[in-house]
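Please look through the sequence and the model shown below before reading on. The report that follows takes up a few features one after another.

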Amino acid sequence: MDDLFDNWTLQVRKGILELCILTLLSREEMYGYELVKAVVSQPGLQVAEGSIYPLLSRLKKQSFVESYLKESDSGPARKYYKITNSGEIQAKAMQSYFSSLVGGYEALLNNTNNNDKI
Amino acid sequence: MMLDDRPWSEAAKLRLDEAVDIHIRNEKLDGTDAEELREDLKHHVYETLAESENEQIISVSQLVPVLEKMGLNSQPKPNLYAKAPEISLAKGYSDTKKSTDYSSSILAWFFGVILPAIVLILELITSMCGATFFDPISSPIHVVLVALVPVMNTLLIQSTHLDRPRSIKIFGLLAGCSVGVSAIYALLFLPMLPLSLLAVLYLGFGLLSLSPIIAWLCASKFNKNYREKLASHKAPLFKRYSRIGCWSVIALLILLELPGIYTHSGIRRALSSDADTAAKGLAQLRFYHHSDTLLKNCYRSTGGNSIADWLSLVGGIIGLERQIFPESETRTLFFRVTGKPYNSVRPDKSISAVGVGMGRRQRTNFDEVIWDNAIGGDHVAARVKGLSMQQSRIDGHIDSKSSLGYSEWTLVFGNTSSRPQEARLQMQLPPEGVVSRLTLWVNGEPREAAFNSVAKVKKAYQSVAVIQRKDPVLVTSSGPDRVMVQCFPVPPSGEIKIRLGITSPLVDQRLFTPYILEQNFSVAKDLKHSLWMQGDVPITLPSGQTSHPDGTAHSASAQLAKDCLWQPDTFISVSKAKVSDRPLYTIDPFAAPHKSILLRQIEEKPAGPPRALIVVVDGSVALNDHIGWIADSLENVEFSHLILAHDDKTECSVEELKAHTFSGGRDNAPALLHALSLAKTQPHSQIVWIHGPQPIILDSTESMRQLLDRGQNHPNIYSIPIERGNNELFNMLNGYRCMKMGPRLVEKQADLARFLKELSENPARSIYSYSRRVSEEGLLPEQKVWDQLARYWAAEESRKGYLVDTNDPKKISFAAQYQLVTPYSGAVVLETAEQFKEHGLKPIDSNAAPNIPNTPEPTASLLLLIGTLLSLTRRNRY
């Protein structure tokens, strides 16, 4: 039972994390640490900070995000990430699908509740 | 990189590296992706720690919570993508590979260590690959490098299993060398991969040829495993040194093969059908060539390729370029590049042609080819393994009265190989010498030869020797004053003994010895050339030894160094000849009774008109060391043309000749043709050809034959070889009597200058004239000489006429009757009387064969003299 749950949450989080990163970056360019903190600060996501960087690396490899170095006042240059045009398109498509997915699930949940009431 | 200035404890640094390494490994990233992730993760850690500046030093206790928060604990719970293995921070190694199971370890040992080691040992013992494809371990350096692969694989496997720390730099360097060596050999064996796979799949063998590729895969894998097992701070160092080792050894192997590859490229260009490319290729090889590679290609049919040969062969197979060079072409090229006949150079031990199962010990003794494909042919060809001259002796007699000598050269050949071999040599006879006896020992008994037409004796020899494999010996004329000697079979682990009798005149009171122009056998290291000579007057041997009285004659003996076998200026000198102006006579044993008395008289030939000399000088490298004295000899001689033969023809002055750079082996035919054309237009012209070896005919000789065949003006062409070696061009024109041997040069410059002067001035000189008589009446006993005079006369008679017609029955019959080897006739000894009969031959009676005269004891001579006087006195009383 626990294994099934663990795997299931793993798969769900894996999919949604990429959407989260693209969504955050579509709003503004962020440096790695800032981006990670922004993601992990969301209570429901429950991801380890170290898990974000491999995802960023993969998104970068797929050309959905780009990185560049920018001088920092408080130390060495920081690596900033920004979303690319294809990343924007991808993010919108993912958001749309996720909304419809959540919508579908909610509709399913509502129908079930109604049936229970009947 | 760090965001604050606080120092880190070593443990914390190590902990961070370990954690990051494990995370990266779990993410299955490598290369730049891995490095980028490492940087990102570390940067994240630094940022996190910078926010909590409450300690003076970053310690493990401070780091661990950060790592845990990041999911980078060294003993993490399952993260998003993979399960991280455990690490041991106490050692410099991780324990990730400790779980390698036993079965894979067995395979690793077999394919990575045992198989390559077995293959190396097998190759060292049997030379299997060396004989079939190419020699992968042609030098000790190659052996060491190949042995490094199983050794390093052993150490890498052990290190992976035993966690034994090693010197990272040295270990990395050696491990890299192992990968580099195995990679190169895997590439070399790659062309055999399809065949090897098929052989393994369908026949169950072929693993040996696959082993280099498997060894490379193993070496690479072990190298990687070892690197991954290292702590993160050591892995890059190991990797760096491993790369250095790998590329260094690859560079070394390439460097070792570079001269061979360069030479191959030169050969390919030089043998191109395009004339310009061929000329450039020839120039390239003359500039530099790897002698072994060039020579090895002259023995192509014997197998035993070098790595460069193999690369060349594979290149040819996959259609990159023409790579299989015919032996005949490379042998020609060898001469053109080096100026030496290919078979005059002893093949180097390291380039040996080998046979499967021969083994390296035998290989190191290699100096000749194994398979002789010239048996029964007309050429001496390549040296044959196991065949050697074991003994050599010359016995002879000089008769100063007739100014003739008779020498018997006895040769014993040995064969240490397991197959019968044919011994072949081309022999230069003394000036105007002729072979007048041939003997073969069969079962310890001397058997005399049959003399008959060249065609008939050759046919008998080929039939009996090559087909029936019995015991014959054949001697035929191969050029002016030279003969080809062939005997087959020299039995395995046995010997053959032959004897050649040679009749020759004295030249300036010297009897020159015959010498070997070329041979297909080696000569025993400790061989001494035994010389025993007697004369009717005191003589001096080449060693400087003077004769002592021996009976009524004088004799001397000496053990000469084997170098004498090849030296043209070896001679026995006669201190004071008994030559008189009175006619000499002999009883000709071969003539009809009514004209058995052969009388020789000396006549004075008046001076002739001066001759125009055309001198042709070979441009080959052989003349490089001699051009000084040759030019000096030419300084005081009148000549009409001086032509330099350098594949082409250039008329030049003596100064220009001196300044010329002699290189390679040059085709002399165009220059000789030019000289002949000039001589044809100038009456009384003579051509003097000063040259090195001409072992091959480079140009078409039909134009020369045409000039020799046509017209009435036939100038002589005198050949003066400066260095020992075959002269195919000269031999090919053997049928033309205008082709003559020049003098043997003892005092080189003086002799050449004298010869040129006499030839040019054409002064009065003494010549012999012969006549026949019925009886000895009126002739004095002291006028009588030995019957060698008859043989010499017959040899001179055989030389008459401009063109040799080898089918002329009269000439053949005459030469055979006098038991001489001439362009018309040859000599053959067969094993049995039946064989002689079967081939229509009749061996001579041993009593009719020439002999070295026995000189009686002084007392016996005295008795003989008294007896003769008494009989004369008694006759006078009637």
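Predicted model: local features only at pLDDT ≥ 70, side-chain atom pairs only at ≥ 80, totals over all residues.

Gln428(B) belongs to strand 3 of chain B, which runs over residues 421-428. Because 26 C-beta neighbours lie inside 10 Å of Gln428(B), and 20 or more are needed for the term, this residue counts as buried. Leaving aside residues up to four places away in sequence, Gln428(B) touches Asp481(B), Arg482(B), Pro514(B), Tyr515(B), Leu517(B) and Pro568(B). One of these, Leu517(B), is 89 residues from Gln428(B) in sequence, yet their C-alpha atoms are 6.1 Å apart in space.

Chain A has 118 residues, of which 25% count as buried. It contains 4 helices and 3 strands, and along the sequence these follow the pattern α-β-α-α-β-β-α.

Where the two chains meet, 18 residues of chain B are in contact with 16 residues of chain A. On the side of chain B that touches chain A, the elements giving two or more residues are helix 2 (31-50) and helix 3 (60-70) of chain B, and helix 2 of chain B gives the largest share, with 8 residues. The residues on this side of chain B divide into 7 nonpolar, 5 polar and 6 charged.

The confidence of the predictor should be kept in mind as well. For the complex it gives an ipTM of 0.85 and a pTM of 0.64. Chain B averages a pLDDT of 81, and 84% of its residues score at least 70. The table sets out the elements of chain B with the lowest and the highest mean pLDDT.

| Element of chain B | Residues | Mean pLDDT |
|---|---|---|
| helix 15 of chain B | residues 359-364 | 43 (lowest) |
| strand 2 of chain B | residues 404-415 | 94 (highest) |

Over residues 350-371 of chain B the pLDDT stays under 50, although the model has 59 contacts beyond four places in sequence for this stretch.

Note on methods:
Residues numbered from 1 in each chain as written. Chains lettered and ligands numbered in written order. Contact = placed C-beta atoms within 7 Å. Nonpolar A, V, L, I, M, F, W, Y, C, P; charged D, E, K, R; others polar. Buried ≥ 20, exposed ≤ 12 C-beta atoms within 10 Å, placed from the backbone. pLDDT = per-residue confidence, 0-100.
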